[in-house]
Amino acid sequence: MKWTANDIDAAQRRMGAKTPVFRAKAVRRAFHRAGEMNKTEAAYAAYLDAQKKTGLIADYRFEAVKLRLADKTFYTPDFVVLAPDGVLEMHEVKGFWEEDARVKIKVAAAQFPFRFVAVQKSKNRWKVEAF
C-alpha cells in the first residue's frame, strides 16, 4: 500500500501525534542573547574603549537603544556612540551581512536623525560603511 499525505495526516490524528513546528527565527536567535556580545562585538568594544581613552569618542553603550521601524518591526543597533561634538551614531557590527539586516539599517537611517555606521572586521582593521 502506498501512503498519501492525507493517509499520514489521518493516522497521526488517530494516534494523537503532533506535527512538529519549526521556528527558524527562534533557532537563529538561540546563538545570540540580548545584552551579550559575540567575539566580533567584544573586539569592537575594545576598539571603542581605546578611542574613548584618546578622546576620539566621548562614550558608547552596547545595545542601549531599540528603534521602532514599523508595526512589530524593531532595530537594535549594536553600539550607540557619542561623538565629542555631541552627535549620536548607531554602529552595527557584522561578521557578514544578511539582506534583512542591511534593509533594516537603511530604513532606520532614513527614519531617524542619527548617523548609522556599519562596521566589519577585516584582518587588522575595521572596515566602515556609512548609511
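**Overview and selected elements**

Analyst: Of the 131 residues in the protein, 26% are buried, where buried means under 20% relative accessible area, exposed over 50% and partly exposed in between (1.4 Å probe, protein chains only). This is a predicted model, in which local features need pLDDT of at least 70 and side-chain atom pairs count only at pLDDT 80 or more, while totals for chains, interfaces and linings use all residues. Residues are numbered from 1 along each chain as its sequence is written, and side-chain values use heavy atoms, with hydrogens and water left out.

User: How many helices and strands does the protein have?

Analyst: There are 4 helices and 7 strands; these are DSSP runs numbered from the N terminus, with helices being H or I of at least four residues and strands E of at least two. Along the sequence the pattern reads α-α-α-β-β-β-β-β-α-β-β.

User: What share of the contacts joins residues at least 24 apart?

Analyst: The share is 46%, taken among contacts between residues at least 6 apart in sequence. Contact means heavy atoms within 4.5 Å.

User: Now H3. Which of its residues are buried?

Analyst: Glu41, Tyr44, Ala45, Leu48 and Gln51 are the buried residues of H3. They lie on the same side of the helix because they cover an arc of only 120 degrees around the axis, the arc being that of the directions from the helix axis to the C-beta atoms. Lys39, Lys53 and Thr54, on the other side of H3, are exposed.

User: Which strands do those buried residues pack against?

Analyst: The buried residues of H3 pack against S1 (59–62), S4 (79–82), S5 (88–94), S6 (115–122) and S7 (125–130).

User: How far does H3 reach, from first C-alpha to last?

Analyst: H3, residues 39–54, reaches 23 Å with its 16 residues, close to the 22 Å expected. The expected span is 1.5 Å times one less than the number of residues.

User: And what is found at the start of H3?

Analyst: A side-chain oxygen of Asn38 comes to within 3.1 Å of the backbone nitrogen of Thr40. Just after the helix, Gly55 has a positive phi of about 85 degrees.

User: Why does Gln51 count as buried?

Analyst: Gln51 counts as buried because its relative accessibility is 16%. Not counting residues up to four places away in sequence, Gln51 touches Leu56 and Ile57.

User: Changing topic: is S5 mostly covered or mostly open?

Analyst: S5 is mostly covered, with 5 of its 7 residues buried.

User: How do S4 and S5 run?

Analyst: S4 and S5 run antiparallel and are joined by 4 bridges; two strands pair if DSSP finds at least two bridges between them. They form a hairpin with 5 residues between them, and Gly86 in the turn has a positive phi of about 95 degrees. Val80 stands opposite Met90 in S5.

User: In which sense do S5 and S6 pair?

Analyst: S5 and S6 pair in the parallel sense, over 6 bridges. Together with helix H4 (residues 99–111), S5 and S6 make a right-handed β-α-β unit. Right-handed means that, with the strands pointing away from the viewer, the path from the first strand over the helix to the second runs clockwise.

User: Which residue in S6 stands opposite Lys94?

Analyst: Lys94 stands opposite Gln120. The side chain of Gln120 reaches the backbone oxygen of Gly95 at 3.3 Å. Leaving aside neighbours within four places in sequence, the residues in contact with Gln120 include Phe96, Trp97, Arg125 and Trp126.

Methods
Polar contact = N/O pair within 3.5 Å; in protein donor to acceptor, adjacent residues only side chain to side chain.
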